[in-house]
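The following note sets out, point by point, what may be said about the model shown here. Please read it alongside the coordinates.

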Amino acid sequence: WHFIKLMGRSASHITLECALATQPNVALISEEIEAKNMTLAQVVEGICASVVTRADKGMNFGVVLIPEGLVEFVPEFKSLIHDLNELIAGQAERFKTLTDDAKLAFIAAKLPAQTAVLYASLPSDIRKQLIMDRDPHGNVQVSRIETEKLLIALCEQRLAELKADGSYTGSFSPLAHFFGYEGRCAFPSNFDADYCYSLGYTAWALISDGLSGYLSSIHNLSRPADQWEAGGVPLTMMMNLERRHGADKPVIRKALVDLDGAPFKAYQDARSLWASDTCYLFPGAIQYYGPAAVSDRTTETLSLEHAKH
């Protein structure tokens, strides 16, 4: 089994797009996990259900896609990360002077009882990763938390329990991958190039007209590039208050996966089949020449979002 962590910070857009394009056995969508108030144990149970079902069919292999920011959306982890951010922000200067072992002891002594229990139950590597240096906004650097390895360890533990009671007879040989910056290393598609060029040109047009405080915006992206519509969005329309360095600050609102949107609904309708059967797709290499439907194709997400149009 391959446990693949993908970039995306908080939102699961990349994971959802990759799932729609490749049809893995399991794709975890952080926004759904938060909406359903799922525990880490429930997430693991869902993965193990696919492992067991496929093992019963003689398929002891599979693929799990994991969004980078998963731990921020599991409610129990979200509370832990909030408490850690607040604690470290309030003691930032003192915290920097402590050794690694002293940091762990400091955190264990200062955390509220409920989150302290969760923190103590985690593997030592994960505990250390959760208290690494914060990003410029004072938040935990989720890309440095080896969520894929945590899930593997918990799945191994659960599958051992299932094997002991006779409900699982397969083999489980997991491999962890983090396709972080590697995911940014591919050549841009024609769509990527047209989109970025259009954003830059629109930004120039806004500046040349003396407009400031705007973000460049392109609409109708599911249509051919010559039918796209350019515009500008006032920065203030996209802002809300978020907790940064222990204080509320105005920042651009996160654009999270819409659980009522067509892309997630399409995944939701297909995932039970993908979880039990082998339905993998290979999107192929990027094409620059040939039929527009191949060389200029948009993303699966945009195609589904605009299908009704």
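A residue is called buried if its relative accessible area is under 20%, exposed if over 50%, and partly exposed in between, with a 1.4 Å probe and protein chains only. Helices (H or I, at least four residues) and strands (E, at least two) are DSSP runs, numbered from the N terminus.

1. Basis of the note. This is a predicted model, in which local features need pLDDT of at least 70 and side-chain atom pairs count only at pLDDT 80 or more, while totals for chains, interfaces and linings use all residues. Residues are numbered from 1 along each chain as its sequence is written, and side-chain values use heavy atoms, with hydrogens and water left out.

2. Overall description. The protein has 13 helices and 8 strands. Its C-alpha atoms fill a box of roughly 60 × 55 × 30 Å along the principal axes. Of the 309 residues, 39% are buried. Contact here means heavy atoms within 4.5 Å. Among contacts between residues at least 6 apart in sequence, 68% join residues at least 24 apart.

3. An open sheet is formed by 4 strands in the order 2-3-1-4, with parallel pairing; two strands are taken to pair if DSSP finds at least two bridges between them. Strand 2 (26–27) and strand 4 (175–179) are the edge strands, each pairing on one side only.

4. Pairing of strand 1 and strand 3. Strand 1 (residues 2–6) and strand 3 (residues 63–67) run parallel and are joined by 5 bridges. Within this pairing, I4 has L65 as its bridge partner, K5 has I66, and L6 stands opposite P67.

5. On strand 2, the parallel pairing with strand 3 extends over 2 bridges, and A27 has L65 as its bridge partner.

6. How many residues of strand 3 are buried? The count is 5 of 5, and strand 3 is mostly covered.

7. Axes are lines fitted to C-alpha atoms, for helices over the stretch in contact, and angles run from 0 to 180 degrees between N-to-C directions. In helix 1, the residues T15, L16, E17, A19, L20 and A21 are buried. The cover over the buried residues of helix 1 includes strand 1, strand 2, strand 3, helix 11 and helix 13 (300–305). Helix 1 is followed by Q23, which has a positive phi near 60°.

8. Helix 1 against helix 11. Which residues meet where helix 1 packs on helix 11? L16, A19 and L20 of helix 1 meet P263, F264, A266, Y267 and W274 of helix 11. The residues of this contact divide into 8 nonpolar, no polar and no charged, where Ala, Val, Leu, Ile, Met, Phe, Trp, Tyr, Cys and Pro count as nonpolar, Asp, Glu, Lys and Arg as charged, and the others, Gly among them, as polar.

9. Geometry of that packing. Helix 1 and helix 11 (residues 262–276) pack at an angle of about 55°, with axes 10 Å apart. The two helices are therefore oblique to each other; angles under 35 degrees count as roughly parallel, over 145 as roughly antiparallel, 65 to 115 as roughly perpendicular and the rest as oblique. Helix 1 passes helix 11 in a left-handed crossing, meaning that the near helix is turned anticlockwise from the far one by less than a right angle, whereas clockwise would be right-handed.

10. D296. This residue lies in the loop between helix 12 (292–295) and helix 13. D296 counts as partly exposed because its relative accessibility is 38%. Leaving aside neighbours within four places in sequence, D296 is in contact with N190 and F191. D296 and A164 are 132 residues apart in sequence and 52 Å apart in space, C-alpha to C-alpha.
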